[in-house]
Amino acid sequence: MAPTAAEQHTRKAVGLAARDASGHLSPLAITRRSTGDDDVVIKILYCGICHSDLHCIKNEWKNARYPMIPGHEIAGEVTEVGKNVTKFKAGDRAGVGCMVNSCQSCESCDKGFENHCPGIIATYNSVDLDGTITYGGYSSMVVVHERFVVRFPDTMPLDKGAPLLCAGITVYSPMKYHGLNVPGMHLGVLGLGGLGHVAVKFGKAFGMKVTVISSSPGKKQEALERLGADAFVVSKDAEEMKLF
């Protein structure tokens, strides 16, 4: 007889969990599954806070499963790997983003678009293959299939790298996919929020001319001086928009 989910979840961990829609988090003892042949075990050192975490813990999307441990910008250190794992070893600096598994066999998965897989398993608030509910990165450790683990360069601080696993990839992926990474190209960034500021930094790193378009004149100094944008346009100003 195959072991039950409870029998497979032998690793003790602790996290910060929402127990209702109040938005408050409190400590919760949890278990993680034992290391599978394709699994990577990560000691979580940092986890970014995404605005979607706030939506989820407050059940604003009406799909919350409590208790819920949010967090999908996970950065830490590999402590153990399964026997089939080839890309990671103990001591490696690694991270996990918004997904922890998928069917790995559909057309989307074959093309590297696991985020479009009908069987996608989110990092938290999702039903895992064994029927348990996934817990996210506001916790002490996590066990994830190797396919959904990424490596951090040695030169990148983990605390600063963690947000790249959600906000970062949300901007970087379409920029690369649609060819918005060509030196000298003019990139317009509409809005200077969490994603917008990352888009500005990527655009400049690609060698592009970057113009920020914002309804908030107060963000001009940040865009130009802190993030390095080349120009700033106030969208509410008709004359400035004409020039753009």
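## Backbone features in the loops

Asn59 lies in the loop between α2 and β4, where helices (H or I, at least four residues) and strands (E, at least two) are DSSP runs numbered from the N terminus. Although Asn59 is not a glycine, it has a positive phi of about 55°. The loop between α2 (51-57) and β4 (74-81) also holds Pro67, and the peptide bond leading from Tyr66 to Pro67 is cis, with omega near -5°.

A positive phi, of about 65°, is also found at Gln104, again not a glycine; this residue sits in the loop between β6 (99-101) and α3 (107-110). Gln104 is partly exposed, with a relative accessible area of 25% (buried means under 20% relative accessible area, exposed over 50%, and partly exposed in between, with a 1.4 Å probe and protein chains only).

## Basis of the model

This is a predicted model, in which local features need pLDDT of at least 70 and side-chain atom pairs count only at pLDDT 80 or more, while totals for chains, interfaces and linings use all residues. Residues are numbered from 1 along each chain as its sequence is written, and side-chain values use heavy atoms, with hydrogens and water left out.

## Domains

The domain assignment of the chain gives domain 1 (5-163) and domain 2 (167-243), with bounds that come from an automatic or database assignment. The centres of domain 1 and domain 2, taken over C-alpha atoms, are separated by 30 Å.

## Nonpolar cores

A nonpolar core is a set of buried Ala, Val, Leu, Ile, Met, Phe, Trp, Tyr and Cys residues joined through side-chain atoms within 4.5 Å. The largest one has 18 residues, of which Met175, Val200, Val210 and Val212 touch the most other members. At least two residues of this core come from each of α5 (167-177), β10 (186-190), α6 (194-205), β11 (209-214) and β12 (231-234), and α6 gives the most, with four residues. A second, separate core of 15 residues includes Val40, Val100, Val144 and Phe148.

Leaving aside neighbours within four places in sequence, Val210 is in contact (heavy atoms within 4.5 Å) with residues including Leu187, Val189, Val200 and Ala231.

## Thr134 and its surroundings

Thr134 lies in the loop between β7 (121-122) and β8 (141-145) and is buried, with a relative accessible area of 8%. A polar atom of the Thr134 side chain lies 3.5 Å from the backbone oxygen of Thr123, and a polar atom of this side chain lies 3.4 Å from the backbone nitrogen of Tyr124. Beyond neighbours within four places in sequence, the contacts of Thr134 include Val100, Ile121, Asn125 and Asp128.

Notes. A polar contact is a pair of N or O atoms within 3.5 Å; within protein, one must be able to donate a hydrogen and the other to accept it, and residues adjacent in sequence count only if both atoms are side-chain atoms.
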